[in-house]
Each structure stands twice: as C-alpha cells, then as structure tokens.
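Open the model in your viewer and keep the selection panel at hand. The stops below each name something to select and then say what is there.

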Amino acid sequence: MSEVMEMPLSEVAEWLHRCARCGNCKTVYGIFKPSCPSGEEFKLEAFYPSGRIWIARGIYTGKVRPSRQLIKSIYTCTTCASCTVQCVLDLHEHIVDIIEALREELVRMGVGPTDPQARLAKYIKMERNPYLEPHSKRMELLRRLNVYEKRKADIVYFVGCTAAYIRKEVAEATVRILKECGVEFSTLKEDEWCCGSPLLRIGQVDLAKEIADHNAAAIEESGAIRVLTSCAGCYKTLKKDYPKMGRTVSAEVIHVTDLLAELIAEDRLKFSREIKATVTYHDPCHLGRHMGLYESPRQILEAIPGLKLVEMERNMENAWCCGAGGGVKSTWGGFALNVAKRRIEEAERTGANFIVTSCPFCKTNLNDAYEKFGGLRTVDVVELVLKAI
Amino acid sequence: MELRRNIESIYSEVEEVVGSSFVSREEHVLYVYSYDMTIEPPHMPDLVVMPRTVKEIQEILRIANKYKIPVVPFVCGTNVGGLTIPVKGGIILDLKRMDRVIEVNEEDMYAVIEPGVTFGQLKRLFNTKYRNLRYSWPYSPPFASVVANALLQGLASMSLKYGSNADMLNGLEVVLPTGELVRVGSCSVSPYWFGRHPLPDLAGLFIGWQGTTGIVTKAGIQLWPKPDFRDLLIAVIPDPNMVAKPAIEIVRKNIAEDIVVSSWALSKARVTKYPIQREEGVEAYLQVVISGSSRKEFEGKWGTASKIIRQYNLKPVELPEKEIQIRLNLPSNVILGWIDHRAGGGLTWVGSYVPMSRWVEGYRKGTQIMERYGFSPMIFMRAMREGHYGVLRYLVPFNKGSAKEKDKVKDMCRELCKLVLDIGGIPYKPPIWMAEMIQQRMDRGCLELMKKIKKLLDPNGVMNPGRLCLK
Ligand SMILES: Cc1cc2nc3c(=O)[nH]c(=O)nc-3n(C[C@H](O)[C@H](O)[C@H](O)COP(=O)(O)OP(=O)(O)OC[C@H]3O[C@@H](n4cnc5c(N)ncnc54)[C@H](O)[C@@H]3O)c2cc1C
Ligand code: SF4
Ligand code: SF4
C-alpha cells in the first residue's frame, strides 16, 4: 500500500496552538490529586501534557530543533489519556494523538524511539512479539489446552503477546472460562502477530501498518464474526487504531470482560464458588479512558458471590495509570514502578485485599511494583472468574 | 554575551544545589517556559531550576548574584500577563516542588503554605480535613498557585468582604534577591502567623511586585468559616446604564458575600463560539452570592437582595443546579471553557481595579472598543471591599495561531488600557507595556520610591528584570 509521506504532525496541526497551558490537565478535578504520571514524576513543564503539546508545536514550526535530548520528555508519556479527560478545551481529545504524532515525527527524523524501544520493534519484526520469544511457541499454551486445532468458529481469540508468553495465566483462564461456558472459538494460530500496539505507542507507525495489514487479513480469513481479546492494548489497537490507520477489521472486536458480562446476563456463566474478599478494580487506561469500557468488569466482580468491590478515589475516567504503557516500562522501568506504587497505595487505602484489573500488562507492572515495594497483589478479572465457577 | 559564556559554570553550580534531575538547559524544556497564553512576546530562558527547599533558593540566588543572571519565579504561569516570560533570559525558578502545607491553624483561622501549593490542593484539604474552613477562590485554574495569586493582588470569591487576596496575607517568608531570608508580619515576632499588624507593613515590599523584589517561600493566608447557608441569585440586566446601580445598592446593604456583573458575551462564551448572538433584552447578568449562618439570616438577606432586584425591574434567572454549583463551588475547571471562544487557545485581558462610580462608562466604552475590533465584549465586574472599588476586566480569548489576530488584540488592549486609566482605574497584573502606561500617569515621587526600593533590595538587578519597567 503506498501512502503519501507528509509530516505526521500535519494531521494534528490545527490543534497544536490550542493549548492555553492552563494546567487543568495536571490535576484530577474535584479530587485534586495528580493526573499526569510523567508530570508528577519529573515535574518540569516539558513532562506535562501542555509541555508536550507546545514542544510538538515547536517542532512543527521549526522553533525547536529535533535532538536526542527530546526523547525523555516525549517518551515518558504513558499515553494514559488522563489529560484528555481533565482538559476542557476543544483540543482535549487530540492530546494523545498529538503526542503519538510527535513520536512518529521523531522516528522519521531519526531521533526516536529510545534504544530499548527500538529493540522491541526489532524483536517484533523478527519474532512477531516484543519479548523475543520464538514465534513458533506463541500458541504453545493453546495447544496444551487443546484449543489449537479448531479451524472455524464465530469467535476468534486474539491471545496477544503478553498473555501468550508472559501472563499465560490470563490466556489460560480466558480459555477455560470459554470452554466451561460452552463458547465455541478458534485462534489465528501462527497467523496471530503482535497487534502492533507497542509500535504505535512509540511512533513506529510504518511497521505497525504492515502488521495491521497482516492481522486484519488473518482475521478476515478466519471468517469469525467476533475477535476476542483479553488484553486492553490489543483491544484498543484492533478496535480503534486499525480503522484509524485505514485497516478494516472484518469482525467485531470484543474485550473478554464485555463477553463475560454478556454470558452472565444470558445465564451461561454461573458462579458456584464464593470468594470471600474485598477487591478494588484498576481501570486499564487503554480499556477505560481510551475505549470507555468501565462497566463490564465491575458487573462481573459484583456478580461473584462473596466478593465485595470497593472503589479507589481515582476511578473510571479519573483512574491513575499503572505506569507501564506508552513504551515507558521498557525504557524507564523505575519510573513505571513508581507510578504503580502510587496506584497500589491508593488501592490499599480502600481496605481491599487485592487489586483486580483486566489487562495483562497492567497486572505485570503492578505486581512488579508489589515485588519491589510491597502493598497489594494484582490479579486479572478472568482469573477470579475462573476461581468462582 | 558574558552570560552565555558563564552558562556552563552557572549550570554546574546550580546542578550541585538541586541535583541533575531538577535543572535543565535543554532547548525544548526551555521553550515551554518561553511564552504563555497571552499576546506577550516569547523569550527563551537559559536555565530552568526546580528547588525544593528555602536553602536551595538562597544558594541559587547567591549564584545568580555572582553571575548577574536573571531569576524569574514561576509556578503555573497562568497570570494572563506574560509575567513569567523571562524577557531578559536567565533562570526560571519553577517552584512546583515547594508544595507543602506547613500548618493549618484551625483555631486562629490561617494556614502557612509554600508557593507551589495550588488552589486544588487547598480545596482538597478543605474537602477532606478542614471541612468548616474556606478560602477566597478566584476563577483561576485549579493548578494555579495560591501564593502567586495573593502576591499579584488577585480578586476572588470573598473580595467583596475582605478585599483582594493580598489583603488575606498574614505574613511572608522571603528570600531576598541577595539571598538573605526574612520574615515579615506577626511571624517575625511570634510563632503565630495571625496578621501584619501592629508592625511596619513590610509585606508591601513583596506584594504587587511581580517577583521583582524577592522570592516568597512561605505565606500565611487567612481562612474563613464556612457558612451553613449559601446560594446564588441571578438576574438579567437589560440595559448598559444599569450595570452598576443595582449592584451598588446591594453592596450598600451589606448583605452579599460576592457581587459580580458579567456581560452577555462573557456569560455565553463558555458554550458558544464567536460570534455570539446577543439575546434581545439581555445586556448583562447580575450574580449575587448570599450566605448566612442561619436560615433566617440567609432568607432575610436573600429577601432584601431580591427586593432591590425587583425595584430595578431586573428579571431573575433560574439556572440548573449544576450551573449554580459551577459558580459557587470554586475552583472550577469547566468555567475556563471560554478560553476557546475564538478557537485558538489564547487568552489575554485588561483587568483593572476602578472606582465603582465609573463602571457604567468603563462598560459602555469598553463594549464599543471591543466590538469595533470585532471581538465579543466579554466584560467582568466584581464589587470589591464593600464597594470601595470594583473590578473591570475585559477578557480577550484569541486565536494564538493567527499573527494578524494577535496584532489586532495588541492594539485593542492598548485602547482598553487607556480607557481604564482615563476613568481613574489602574490595570492589575500588568505586562511591561501596561506598566509603562501606568507609570506615565504615576506620581513621580512614587515611581522614584519604587525604583529606590528595587535598587536597595536587588542591587544587581537579578530578580525578574524588565518587569514593571523598573529600570
Ligand atoms: C482562566 C483564568 C481565570 C483566572 N481567574 C482569575 C481570578 O478570578 N482572579 C485572579 O486573581 N486571577 C485569576 N487568574 C490569574 C491567575 O490564575 C492567578 O493570578 C494565579 O493564581 C497565578 O498563579 P500561577 O501559579 O499561574 O502564577 P505564575 O503565573 O506562575 O506567577 C505569577 C507571578 O508571580 C510571580 N511569582 C510566583 N511565585 C512567586 C514567589 N514565590 N515569590 C515571588 N513571586 C512569585 C511570578 O514571577 C509572576 O510574576 C485567572 C487565570 C486564568 C487563566
Ligand atoms: S492540555 Fe488542556 S488542560 Fe492542559 S494546559 Fe493545555 S488547555 Fe489546559
Ligand atoms: S497521556 Fe497521561 S502521561 Fe501522557 S501527557 Fe497525558 S496524562 Fe500525562
């Protein structure tokens, strides 16, 4: 597919002068606690949304010269989109687009991404996942669970790199629940590649487009009506970013929490065991703010017998990010953990016994922070559901 | 030139003081501090530094004096006057990390805070801990600094009773331009930050000076009890000749907590883009906040205000509860929506304190000027200090992306500034060109005294040089 090469920032040019630097995006209105993880950590204006927007404008107008120095302020944004909720001016919904366009621009200029991120991109090219795990082992778990062979079904499960290689318990729980509920599904087998989310977040858009072409074709080939994801990142990428890049996904993209809420409503998912615990739910940014999916995970948790759900002070669209997204964890691991630590502390204040989330990447970072700082552990919604059926 | 040569040494000396994470001379980091939302021309700083302690600030000022490099205090940069733009370069002292609430004295109703404490932070403190106390809230964004606002003599929700927020300052701790630390107000003698009297009122050396005479590191701010009953009365003013009279009459009855008049254009600008269609028979809105510690007191005051409104044939307006709360429950976020009125992210204004007796003239002539330039006449007025003076503010959202529009705004603001001075008012938080216009009319003795004070406190001229035209 040939595409006209123009400055990625041109796409958002009309918004670049629209930030007033009023500072609204720095704090969660009403609660008045910090809103931007990178601003809170690094403090200088260049690490807040407004700083990044102004730098984007500076790059676009030639007032700021591209250099490697830019990397830290531009690539420490977790793309959590908290700023898009707090800003009340018209540009609000374009802030993350501006930051991602700036990253794409920096990649074109040979400035970005960071070295570890460049490695991730290389790994994705080599092994179709950012962890440099052999592509041949992507479906290992699915084979073990005897769901590999299935060729055609209405639902195709897009496992995602993190659940396939790192947080296998999430993929396993998802599969077992589906089996338990008698939901027929298939997989893309070795035709499932990384969804491209890490590439989009770090500005490697050309490679992301190639991948999107492949995955979109594989989904079409599968003949499925729905693509199921258990990862917030895959969900947002397939459902929102692919169409934005002009790639049509032939099937409806659905997150596992929406499917499980549906199964509960239809009485196909029934709980037989009590879980006596108090939990709090961490909204993954790419599921919540980016996609507006807040209710289903809560409905599921509330349906589990014995389980009590309590909310953190910053929840739903005001949720504090886990700190891992936007390519941050690969380069600024310490910062990512500091952000997660704050989230765990907030969770502790609710009196919950543990945190529940619905993104394997959030789970990883929150538990890495738990290992380092203590506090509360995090599990995925599907793991709890599996325990309760 | 010399400054450029010394910048390496300055950087490393400052880095020793605050650590490498909190100093930067990277171009893009500096760029973000080089301009603000207004029409004021940008200028790059040479360094940005984020100190955490008073000692660090003292050290930085010693370095600044050694190299004669300018220092410009900054917290959120929302002053709407370009006041943190480093017109002569130098060090931006970003004070966000100094964000501690040192003390809240519930009994004596004050708090001691650092300059990085924001309105949001203060509000959270009241929401979560000191539920019976309150502060005088401006319409500022919630992230703006409480101390900077008071030092700029800002206007806020309780200004009708107690004056500008500078009048709510009980005392200050200041690092002088030469690095010495001083306390002024009761805190210079007593452990209590209860007020500025009965001592020579040295706080005046730092209030209204736009950071040109020192860096305030702590401020005692007055807090006030929260009334049990509070509500907002709104009425339509149909005629420009009536923008002052009913307000003044309510002021004289001593029954209101806050009295604001906002022009039709300002009232609509949050939800309507330029050009706004003016509604027949609506010139402005009168907003009166009534409060009381008992229902009877509240109802009595409400009744008196309502009667005056009726006498002037003003039509009361019923607003949805949400809209009322936006106005009553400051700080607000959505209220800032009018910045986007001209779809351009720019906001500048000519704000002033004027005798209320000249409100009508200021309103009428201001409207004519703004309309002549093709801008919606967004005008805000507030009665201050029991009516001894009033706010007259012309708000100008503009399109930052258009150089032509910026030039137009510049010319219009000059005319508005002249109008304010002609009617006997004085623009507040003035950018340099405005300060110059003020000084042209200033008593020579006063101007010389200001210059002497500046010279005495800041012999090397390092603090925010260029500001206030204090050459
Ligand atoms: C939409 C909008 C509405 C507003 N409404 C109001 C309003 O209703 N009332 C009102 O009064 N203001 C209002 N403002 C103006 C502004 O928000 C306030 O004055 C605000 O408190 C300034 O805080 P800041 O953190 O932005 O200060 P900055 O802009 O960072 O600094 C302001 C000035 O103070 C100096 N300074 C900062 N800290 C120190 C220090 N520690 N020691 C010495 N000097 C220092 C700076 O050098 C500068 O000259 C409004 C602004 C906006 C954008
Ligand atoms: S992004 Fe929005 S909220 Fe943040 S400073 Fe800019 S205009 Fe204000
Ligand atoms: S997306 Fe999140 S981390 Fe990035 S600028 Fe916005 S609030 Fe900050």
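Select B:Gly351 and look across to strand 18 of chain B, where B:Arg393 stands opposite. This is a predicted model. Now extend the selection to strand 16 (residues 345–354) and strand 18 (residues 389–399) of chain B: the two run antiparallel and are joined by 10 bridges.

To find the pairing, pick B:Ser352, whose bridge partner in strand 19 is B:Pro427.

Is strand 16 of chain B buried or exposed? Buried means under 20% relative accessible area. In strand 16 of chain B, 10 of the 10 residues are buried, so the strand is largely enclosed by the rest of the structure.

Widen the view to the sheet. In chain B, 8 strands form an open sheet in the order 15-12-14-13-17-18-16-19, with antiparallel pairing. Strand 15 (315–316) and strand 19 of chain B are at the edges with a single partner strand each, so one side of each has no neighbour in the sheet. Within the sheet, select strand 13 (residues 258–263) and strand 14 (residues 284–292) of chain B, an antiparallel pair with 6 bridges. Here B:Val260 is opposite B:Gln287 of strand 14.

Move on to strand 8 (residues 169–175) and strand 9 (residues 181–185) of chain B, which pair in the antiparallel sense over 5 bridges. One pairing to display is B:Gly171 with B:Gly185 in strand 9. The two strands form a hairpin with 5 residues between them, and B:Gly179 in the turn has a positive phi of about 105°.

The peptide bond from B:His197 to B:Pro198 is cis, with omega near 5°.

Zoom out to the whole of chain B, which has 14 helices and 19 strands. Its radius of gyration is 22 Å, close to the 23 Å that the globule rule gives for 471 residues, so chain B is as compact as a globular protein of that length. The C-alpha trace of chain B spans about 70 × 55 × 45 Å along its principal axes. Of its 471 residues, 63% count as buried. Chain B exposes about 18300 Å², and carbon and sulfur atoms supply 51% of that area.

Switch to chain A and select ligand 3. Which residues are closest to ligand 3? Of the 14 residues that surround ligand 3, the closest are A:Cys36, A:Cys77, A:Cys80, A:Ala81 and A:Cys83. Helix 1 (37–42), helix 2 (49–61), helix 4 (82–86) and helix 5 (95–108) of chain A each supply at least two residues of this shell. By class, the shell around ligand 3 has 9 nonpolar, 4 polar and 1 charged residues.

Stay on A:Ala81, which lies in the loop between helix 3 (70–75) and helix 4 of chain A. Its phi is near 70°, a positive value in a residue other than glycine. A:Ala81 counts as buried, at 4% relative accessibility.

Then select ligand 2, which 13 residues surround; A:Cys19, A:Arg21, A:Cys22, A:Cys25 and A:Cys87 are the closest. The shell around ligand 2 has 9 nonpolar, 3 polar and 1 charged residues.

For the last stop, go to the loop between helix 5 and helix 6 (115–127) of chain A and pick A:Pro113. The peptide bond from A:Gly112 to A:Pro113 is cis, with omega near -5°.

How values were computed. Residues are numbered from 1 along each chain as its sequence is written. Chains are lettered from A and ligands numbered from 1 in the order in which they are written. This is a predicted model: local features need pLDDT of at least 70, side-chain atom pairs count only at pLDDT 80 or more; totals for chains, interfaces and linings use all residues. Side-chain values use heavy atoms; hydrogens and water are left out. A residue is near a molecule or strand if one of its heavy atoms lies within 4 Å of it. Helices (H or I, at least four residues) and strands (E, at least two) are DSSP runs, numbered from the N terminus. Ala, Val, Leu, Ile, Met, Phe, Trp, Tyr, Cys and Pro count as nonpolar, Asp, Glu, Lys and Arg as charged, and the others, Gly among them, as polar. Buried means under 20% relative accessible area, exposed over 50%, partly exposed in between (1.4 Å probe, protein chains only). Two strands pair if DSSP finds at least two bridges between them. The radius of gyration is taken over C-alpha atoms; the globule rule is 2.2 Å times the number of residues to the power 0.38. Accessible areas come from the Shrake-Rupley method with a 1.4 Å probe; for residues, only the protein chains shown count as cover.
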